[in-house]
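Keep the sequence and the 3D view open, try each task, and then follow the solution step by step.

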Amino acid sequence: MNKSIIFLFSLLLVSQFIVSVQSPTSDDIKYLELPSNSIPMGIAYNPKNNMTYVALNWGSAVYGNGEIAEINTTSRTYILYELESWHLDYKYPMPFAVAIDGDGNVWVTIRSFKNTPNQHPLDMLWCIVKFNIESKTIEYIPLSLPSLRGSETVTFYNDYIWTMNKEYLTKIDYITNTIEGCWNVSFSGYFAIGDNYSNDSLWFSSITNNVVCMFNTTTNTVEEIINGFDRPLGVAVDKDYVYVAENHIKEPYEPIVNGTIARIDKTIYTVDRIVTNSIITNEGPYSVLKDSYGNLWWTDNSNNIGVFSLIENLTLNAIGSYCYFMTEVPNSSIWFSCVGSAHIGEITGPKTPDVNSDGKVSIADIVITISAFGSEPESETWNSSADVNSDNRVSITDIVIVINYFGLVL
Ligand SMILES: [Ca+2]
Ligand SMILES: [Ca+2]
């Protein structure tokens, strides 16, 4: 028998069995332990040096100043860089959100508390720091803002660092560290993200006003205000939609509802919702992330992490009390902060039959899988995306799975 007959025969044989992609479970989450009692917040993978940076908060001044953890993404070893007080009256700097600029330097928003540890929670001062990855030095950037409350979100978009305080959006030149502009946008935002499919759209959510806004970075005005969200927090963008994590629960907590990710159509600004499989015991979705394979990830404050892939709607349970920020690291993994357990969680995304990540399962995906046929991770023809069932081999099973989902469109 020649090879192609064997191939077709095997295809027919395997088709008799129900085969599907391999779904990750809660047991597949790996954990990296951080110093006990620390509270990991913002997290960002840096492709310039293969390090992952984590804002390490201590929650209370009794444990000292906050730190920036620099984790080697391969070896998992880390070094801590302590933040210093930069203001006479406000001490105990605690880091919150993290972003990486065009040079690979790390920007972290910081809040400090007034001298004594037990001050009113609103009596704090925010600033932003730049951590230089070569010199390992931390530079404090003073923000001349009319309000003391402050710099909560940070994102890198269109060659600028953007940060937001109570009502002000600030644009910073990341090379000279100078402030290029500051606008009163009327809403306070915890999360903002630039739309990389557009040249001038920065989206941010406001949990206090239940709106999501689009700030036009050319005209420097809020161009769209979309209403009707249930405590919107994290935002993510792809070519068609803006995804918004809806936190849902107000005090007193009412457990057991499904989380929702609201979805804004970018052309007509209508909103619909994707429902997660989660049980919310504390609070609902916190952050969202669209990875480079097309998966939509979310975390919530009930220590769940979940993912919508082309064919799956998964919820996994992590250790700790809350899952917060996420970042995509190489090899289709997501790292996320586990608050209440001082760990970083790591989960590898579900494979999809959309092997080339173009949003549909077509003949191209079958061709790509066939070209990697017979390969293993050491092989020259190895393509990990084509190993759809994650058994470290591109076999007839992978081809059958892709064929099974032929025609599926995201
Ligand atoms: Ca495809
Ligand atoms: Ca396989």
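## Exercise 1: Valine 402

Valine 402 has its place in helix α3 (residues 396-404); helices here are DSSP runs of H or I with at least four residues, strands are runs of E with at least two, and both are numbered from the N terminus. This is a predicted model, in which local features need pLDDT of at least 70, side-chain atom pairs count only at pLDDT 80 or more, and totals for chains, interfaces and linings use all residues. Residues are numbered from 1 along each chain as its sequence is written, while chains are lettered from A and ligands numbered from 1 in the order in which they are written.

**Task.** Decide whether valine 402 is buried or exposed, and find which residues it touches beyond four places away in sequence.

**Solution.** 
- Step 1. Apply the cut-offs: a residue is buried if 20 or more other C-beta atoms lie within 10 Å of its own, exposed if 12 or fewer, and partly exposed in between, with C-beta atoms placed from the backbone.
- Step 2. Valine 402 has 26 other C-beta atoms within 10 Å, so it is buried.
- Step 3. Two residues are in contact if their C-beta atoms, placed from the backbone, lie within 7 Å. Leaving out residues up to four places away in sequence, valine 402 touches Pro353, Val355, Val361, Asp365, Ile366, Thr369 and Val388.
- Step 4. Take proline 353 from that list: its C-alpha is 4.8 Å from that of valine 402, although 49 residues separate the two in sequence.

## Exercise 2: Two helices side by side

**Task.** Describe how α2 and α3 pack, and name the residues that make the contact.

**Solution.** 
- Step 1. Two packed helices are described by the angle between their axes and the distance between the axes.
- Step 2. For α2 and α3 the angle is about 180° and the axes are 10 Å apart. Axes are lines fitted to C-alpha atoms, for helices over the stretch in contact, and angles run from 0 to 180 degrees between N-to-C directions.
- Step 3. From α2, the contact is made by Asp365, Ile366, Thr369 and Ile370; from α3, by Asp398, Ile399, Val402 and Ile403.
- Step 4. These residues divide into five nonpolar, one polar and two charged. Here Ala, Val, Leu, Ile, Met, Phe, Trp, Tyr, Cys and Pro count as nonpolar, Asp, Glu, Lys and Arg as charged, and the others, Gly among them, as polar.

## Exercise 3: An enclosed strand

**Task.** Work out how many residues of strand β3 (residues 51-57) are buried, and which strands it is joined to by bridges.

**Solution.** 
- Step 1. Seven of the seven residues of β3 are buried, so this strand is largely enclosed by the rest of the structure.
- Step 2. In a regular strand the side chains alternate between the two faces of the sheet.
- Step 3. Met51, Tyr53, Ala55 and Asn57 point one way from β3, while Thr52, Val54 and Leu56 point the other way.
- Step 4. Two strands pair if DSSP finds at least two bridges between them. Six bridges join β3 to strand β2 (residues 39-46), running antiparallel, and six join β3 to strand β4 (residues 67-72), also antiparallel.
- Step 5. β2 and β3 form a hairpin with four residues between them, and asparagine 50 in the turn has a positive phi of about 55°.
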